[in-house]
2 protein chains.
Amino acid sequence: MGEANETNLERINNQIISEFSKTLEMFSLNKTEAQLFVTLYLHEKPMTLDEMKDSLGKSKTAMSYAIRRLQEFNLVERVWQKGVRKDLYETREELYRKFMKTYVNRWLSALNKQINNLDDIQDNLTRYPDEHQEALKHKIHEAITFHHSLEEIFTNIKTNDFLRKDV
Amino acid sequence: MGEANETNLERINNQIISEFSKTLEMFSLNKTEAQLFVTLYLHEKPMTLDEMKDSLGKSKTAMSYAIRRLQEFNLVERVWQKGVRKDLYETREELYRKFMKTYVNRWLSALNKQINNLDDIQDNLTRYPDEHQEALKHKIHEAITFHHSLEEIFTNIKTNDFLRKDV
DNA sequence: ACGTTTGTAAAGTTAAAACTTTACAAAAAA
DNA sequence: TTTTTTGTAAAGTTTTAACTTTACAAACGT
């Protein structure tokens with residue numbers, strides 16, 4: 001143990017970071033953001049920007065920016081410790097629920113916007129009737145239905161899924 | 001009508017392309033791929049690479065590459081028409097179902113891979129017991145649970161949702 | 001008050017993605 | 001067979017995203 005074990009543990013840490021990151025990257029986080037999250041997640045105590053910087057081998061500014069993004073996603077929060085001057089960050093509890101909630105809400109609001117815009121286009125089109133546009137009208141209608149279907153999926157995830165007590 | 005109407009219709013087409021694209025971009029399609037899809041979607045007849053090129057104002061190679069990606073996503077298929085030498089492509093029927101099916105399956109297989117790898121790491125860790133690693137073990141366990149929760153969501157979408165007759 | 005530390009904005013650089021041009025093999029037409 | 005057309009690979013270019021360095025205001029300590 002000791003030195004060798006230390007390295008072994010480090011290796012395992014990196015493996016977890018590598019794998020878990022891939023999952024988070026599927027949810028519109030970039031590589032650095034994902035890696036930073038998992039780093040914080042595996043670290044027992046809250047970390048400072050300088051510790052993150054050393055841990056990932058990137059600049060402090062990069063950490064600052066990534067941390068802000070993770071906060072926007074509600075994955076990370078700033079904590080305060082008596083006597084510590086630097087900002088401290090740690091991962092939020094209830095990882096799964098917090099993450100999905102934020103993520104789903106983002107998608108829903110984006111979808112909602114797109115549906116509104118498509119509706120506007122549709123209204124515009126019906127205002128100037130033209131038999132040549134029948135096909136187009138049908139396409140828009142179908143596109144809107146498509147969007148509503150997606151909306152339904154995400155709403156389902158939100159209502160069914162967040163009630164469970166998990167992770 | 002006539003000239004003015006033509007332009008108006010074109011404008012509406014572009015608006016739809018713009019909005020619908022944004023939605024598809026949420027599903028790991030890039031801008032060009034998304035725009036190309038909607039272009040094909042709105043076009044009554046199948047299109048050739050040259051028509052796509054003219055329509056989007058990009059190179060033929062770019063279209064060739066984008067079309068391949070759209071085929072991988074099962075959003076587009078090549079069709080044959082007697083006497084037409086060029087390849088023709090059109091959007092698939094049952095847009096919603098085809099799209100979600102492909103998309104969800106991709107996510108599920110990625111998740112599955114990550115779960116396996118995390119399981120391996122976990123096994124590895126339990127093989128070399130060390131009281132210092134208890135916390136890490138717990139983290140891995142939690143991470144795996146997180147992944148299983150995501151897996152469950154996608155499986156639900158797959159089983160519940162694809163049964164509906166829609167779009 | 002004054003020097004230090006800390007986080008981040010702004011400017012500049014590097015790395016990666018998207019795209020175009022060129023080149024060419026496979027298929028069709030002559 | 002030879003010539004032309006078509007799709008795409010390979011190489012080269014441009015554009016965008018990611019990252020670093022520098023600079024500086026705000027907070028802290030003395």
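**View 1. Two copies of one chain, laid over each other.** This is a predicted model, where local features need pLDDT of at least 70, side-chain atom pairs count only at pLDDT 80 or more, and totals for chains, interfaces and linings use all residues. Residues are numbered from 1 along each chain as its sequence is written, while chains are lettered from A and ligands numbered from 1 in the order in which they are written.

**View 2. Where chain A meets chain B.** Here two residues are in contact if their C-beta atoms, placed from the backbone, lie within 7 Å. Chain A brings 39 residues to this contact and chain B brings 39 residues. On the side of chain A, two or more residues come from each of helix H1 (3-25), H2, helix H5 (95-127) and helix H6 (134-161); helices (H or I, at least four residues) and strands (E, at least two) are DSSP runs, numbered from the N terminus. H6(A) has the largest share of that side, 13 residues. By class, the side of chain A holds 22 nonpolar, nine polar and eight charged residues. In this count Ala, Val, Leu, Ile, Met, Phe, Trp, Tyr, Cys and Pro are nonpolar, Asp, Glu, Lys and Arg are charged, and the others, Gly among them, are polar.

**View 3. The surroundings of DNA strand C.** A residue is near a strand if its C-beta atom, placed from the backbone, lies within 6 Å of it. There are 16 residues around DNA strand C, and A:Ser64, A:Asp87, B:Thr32, B:Lys58 and B:Ser59 come nearest. H4 of chain A, together with helix H2 (31-42) and H4 of chain B, each give two or more residues to this surface. H4(A) gives the most, with three residues.

**View 4. The surroundings of DNA strand D.** The largest share of the surface near DNA strand D, three residues, belongs to H4(B). Two nonpolar, seven polar and seven charged residues make up this surface.

**View 5. The two domains of chain A.** An automatic or database domain assignment gives the bounds, dividing chain A into domain 1 (2-91) and domain 2 (95-163). Taken over C-alpha atoms, the centres of these domains of chain A are separated by 35 Å. Five residues from domain 1 and five residues from domain 2 of chain A take part in their contact.

**View 6. Two phenylalanines of chain B.** Leaving aside neighbours within four places in sequence, B:Phe37 is in contact with B:Leu24, B:Leu70, B:Leu75, B:Val76 and B:Thr91. B:Phe27 sits in the loop between helix H1 (3-25) and H2 of chain B. With 17 other C-beta atoms within 10 Å, B:Phe27 is partly exposed; a residue is buried if 20 or more other C-beta atoms, placed from the backbone, lie within 10 Å of its own, exposed if 12 or fewer, and partly exposed in between.
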